[in-house]
Every structure is written in structure tokens, then in C-alpha cells.
Amino acid sequence: MIMKGARRLCGAIDLGTTKVAALVAEDVGGVLRVVGAGLAPSEGMRQGVVVDIERASVCVAKAVAEAERMAGAAPKTYNVGAAGEHVRSMNSRGVVSVGSIEKEIAPEDVARAFDAARKFSLPQDREIIHTLPQEFIVDSQRGIRQPAGMFGARLEARVHVVTASRPALDNLAKTLQLAGVELGDVVLEPLASATAVLSADEREHGAIVLDLGGGTTDVL
């Protein structure tokens, strides 16, 4: 995201099998408002992964140019979605000692619990792209969402870890680089879809999001 005059802009790219979509949004009081959109037929992609970097980069450049022309401005970076069979996930847990039961749990303790949950054997060709909290357990109290500020001696974080193929992510980054686009964050595409379309109640009570694409079908 970048401050350009009085505007705060952010960008996103969906690099699919049949089309490339680029969006430029403006942050208006914490609410994102789309100010530019671009579409281009997709080439060089198959089932969510780049198979021809040069052809894919041309498509990205076209979609981004259209979005920026409509917005009248360019964000500094673009977040890009990741999908396909190379994406995998698993549950993990991390436990840390806070100290005394009379001590408040600090944000640093929560961060340590997350780090502990990520410390497992991971092949060299895999990279963690998300660590999603499921619940926290303070001593014997379960179902806690925000443990910071609570009292307890033992903090456990139960998380869902999403990993992706490192070569696939490197090829994605190289594609954007050739297109003249600076990569921001890599986001799991079905997670982005679910965040966009589900209400707070639906996320609370449970819902399934089915994302039917031209080359992949994602379920979250």
C-alpha cells in the first residue's frame, strides 16, 4: 500500500488459468473501494501454476496496465493469489510458558506461541504462506480467541498452517517481476474468496466456500 497524494492505494492480482484479473483499491477510512479493474486472457498458466513465465508476464502486464489506467494511479505493490495442487495444509500446535499465573499474557507471548507452532519439519521445497489461528488455550481454558491481556502460566496456540511449493512461488514472483510489478504478499486464493464473501455470522457458525475456476476448484 502506498500514500500517493491523499490516496492510499493497494493492488491485487488473480492469475488464473483462463484469465488474469487485476484490481486497484483505495483505502477510504479503513474501507477498500475499488477504483480500477483490468482483465486479460490468461496464457502460460495451468491448474494454478505458471508453466510459461514470459507468456504469463505479458498477460499480467496487460491486466495491471488496464487497472492502473482506470484508477489513474499505481500502487507500489500487488498482492497475488496462490492456488493449485501444490498448496497443502495441516494442523499444528505450539506451547509456551508465560511464567506466573499472576502475569498478563503479552502480544509477544502470543507471537512466541505462533512461532512454536511453525517449528516443525518442513521440506526445503515448501514455504509457509499462512498460519491461521484456530483457538488458544490458557492453562486449561479452551476456546479463547484473543489471549493477550489475560492471566495464565501456560499458553497454547492451535493453528492451521498453509504451505505452498517454493519453486511455484518463485516462478510466480519472477512472472510479476518481468511484468514490471512488485510483489507484495502471497495469499491463498480460497481464503481471499471466503474473506470477501462470508459474513461474520457465517464465519462464526461455519460455512463452505466453493471457488470454481477454469483450471482449479478450491474448497475452504
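Student: How many aromatic pairs does a search of the whole structure find?

Tutor: The search finds 1 aromatic pair. Keep in mind that this is a predicted model. The partners are phenylalanine 114 and phenylalanine 136.

Student: What makes phenylalanine 114 and phenylalanine 136 an aromatic pair?

Tutor: Their ring centres are 5.8 Å apart.

Student: Where does strand E9 sit in its sheet?

Tutor: The sheet has 4 strands in the order E8-E11-E9-E10. It is open, and the pairing is antiparallel.

Student: Why do strands E8 and E10 count as edges?

Tutor: Strand E8 (88-97) and strand E10 (141-144) each have a single partner strand. One side of each is therefore left without a neighbour in the sheet. Neighbouring strands are turned by 35° against each other on average, direction ignored.

Student: How do you know that E9 and E11 pair?

Tutor: Count the bridges. Strand E9 (126-138) and strand E11 (154-165) share 11 of them, in the antiparallel sense.

Student: What lies across E9 and E11?

Tutor: Helix H3, residues 166-178, does. H3 runs at about 65° to E11.

Student: Why is threonine 131 called buried?

Tutor: Threonine 131 is in strand E9. Its relative accessibility is 17%. Buried means under 20%, so threonine 131 qualifies.

Student: What makes the approach of threonine 131 to arginine 118 a polar contact?

Tutor: The two side chains make the contact at 3.3 Å. The limit is 3.5 Å between N or O atoms, with one able to donate a hydrogen and the other to accept it. Not counting residues up to four places away in sequence, threonine 131 touches Phe114, Arg118, Val159, His160 and Val161.

Student: Is histidine 130 buried or exposed?

Tutor: Buried. Histidine 130, also in strand E9, has 14% relative accessibility.

Student: Which backbone atom lies 3.0 Å from a polar atom of the histidine 130 side chain?

Tutor: The backbone nitrogen of leucine 188. Leaving aside neighbours within four places in sequence, the contacts of histidine 130 include Val186, Val187, Leu188 and Leu191. His160, Val161 and Val162 are also among them.

Student: How do you know that leucine 9 is buried?

Tutor: Leucine 9, in strand E2 (residues 7-15), has a relative accessible area of 0%. Buried means under 20%, so leucine 9 is buried. The C-alpha atoms of leucine 9 and lysine 76 are separated by 8.0 Å, though the two residues are 67 apart along the chain.

Student: How many helices and strands does the chain have?

Tutor: The chain has 5 helices and 14 strands. Of its 220 residues, 40% count as buried. Among contacts between residues at least 6 apart in sequence, 64% join residues at least 24 apart.

Terms used:
Residues numbered from 1 in each chain as written. Predicted model: local features only at pLDDT ≥ 70, side-chain atom pairs only at ≥ 80, totals over all residues. Heavy atoms only, no water. Pairing = 2+ DSSP bridges. Helix = DSSP H or I, 4+ residues; strand = E, 2+ residues; numbered from the N terminus. Axes fitted to C-alpha atoms, helices over the stretch in contact; angles between N-to-C directions. Contact = heavy atoms within 4.5 Å. Phe/Tyr/Trp six-rings, centres within 6.5 Å; stacked < 30°, edge-to-face > 60°. Buried < 20%, exposed > 50% of the residue type's maximum accessible area, 1.4 Å probe, protein only.
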